[in-house]
Amino acid sequence: MEILRKATKRVQEARLNHDDSAVKKAVNDYEEALERYVPVLMAQAKIYWELGNYTQVEKIFRKSVEFCNEHDIWKLNVAHTLFMQENKFKEATGFYEPIVRKRYNNILDVSAIVLANLCVSYIMTSQNAEAEGLMKKIEKEEQVVSREDQDKKLFHLCIVNLVIGTLYCSKGNYEFGISRVMKSLEPYNKKLGTDTWFYAKRCFLSLLEQLAKQLVVLKDTILQECIQFLEHCEVYGRDVVTVIEEPFDMQDIFSITPNGKQTVVYEARYLKALFLKLQMS
């Protein structure tokens, strides 16, 4: 940080002396020093991030604000840090919005998780209209791309809905949360994949656990929708694996077809059986 302070001072002195060549050199030196500093800062922050100590991560970023407040990577990671604390959604919105606004006309170039986190931040701060507007924008852009390339798989809106659905499930609002999760995988032939199924099934497993413990009550219509959803997953998930790879298993290297139990069709069928059992009990 001391190197950056000295570089900043040289830039200021060159500007005061109206020396354009010196200003250019000083600015280049400052930018090079900043590019060397940011990876070190991120490595330090990552230690606490992996421990789940997001408050300490925020403190590290605050110390570097005078140098990094215009750096895109710094702003993005500050946004994630504030978001993960679950009580600073308004502050997180302030960092996510400029990132999204910068590429609003090509919104699918923005990371899906950034869009999802911004939508959640809007919802958690009662800015539902903004969240809905952003989701409509994503949907419209995906429709445009789909018309140009019908076989292309697009997951931005899917991930946004999955994140929102998971959030509501974690808060105990399973009726809305599960509906969002089910909606996120439509159409199944384009949205159902190893990763999307992994996050969707976690919500269903959580719901099943709460139902088994009689901690939540769902309408029969919602339970029936869950069963129908899982039936659709059976149809479209026949060739979708649920485990990407099995480390140190030599047999898998030469295996062309996936293990039957490691497919969406098997897991969806199993979950459906559990829902039917609960429905009859």
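Residues are numbered from 1 along each chain as its sequence is written. Because the model is predicted, local features need pLDDT of at least 70 and side-chain atom pairs pLDDT 80 or more, while totals for chains, interfaces and linings use all residues, and side-chain values use heavy atoms, without hydrogens and water.

View 1. Of its 18 lining residues, Phe-83, Ile-113, Asn-117, Val-163 and Thr-166 are the closest to the centre.

**View 2. Helix H12 against helix H13.** The two helices (DSSP runs of H or I, at least four residues) pack at an angle of about 145°, with axes 13 Å apart, where axes are lines fitted to C-alpha atoms over the stretch in contact and angles run from 0 to 180 degrees between N-to-C directions. Contact, meaning heavy atoms within 4.5 Å, involves residues including Trp-197 and Phe-204 of H12 and Phe-229 of H13.

**View 3. Helix H13 against helix H15.** H13 (residues 220–236) and H15 (residues 264–280) pack at about 160°, with their axes 8 Å apart. H13 is therefore roughly antiparallel to H15, a term for angles over 145 degrees. Among the residues in contact are Leu-223 and Ile-227 of H13 and Ala-268 and Phe-275 of H15.

Note on methods. On a 1 Å grid over the protein atoms alone, a cavity is a set of points where a 1.4 Å probe fits but cannot get out, and a pocket is an open set with protein on both sides within 12 Å along at least five of seven lines; lining residues have an atom within 4 Å of a point. Angles under 35 degrees count as roughly parallel, over 145 as roughly antiparallel, 65 to 115 as roughly perpendicular and the rest as oblique.
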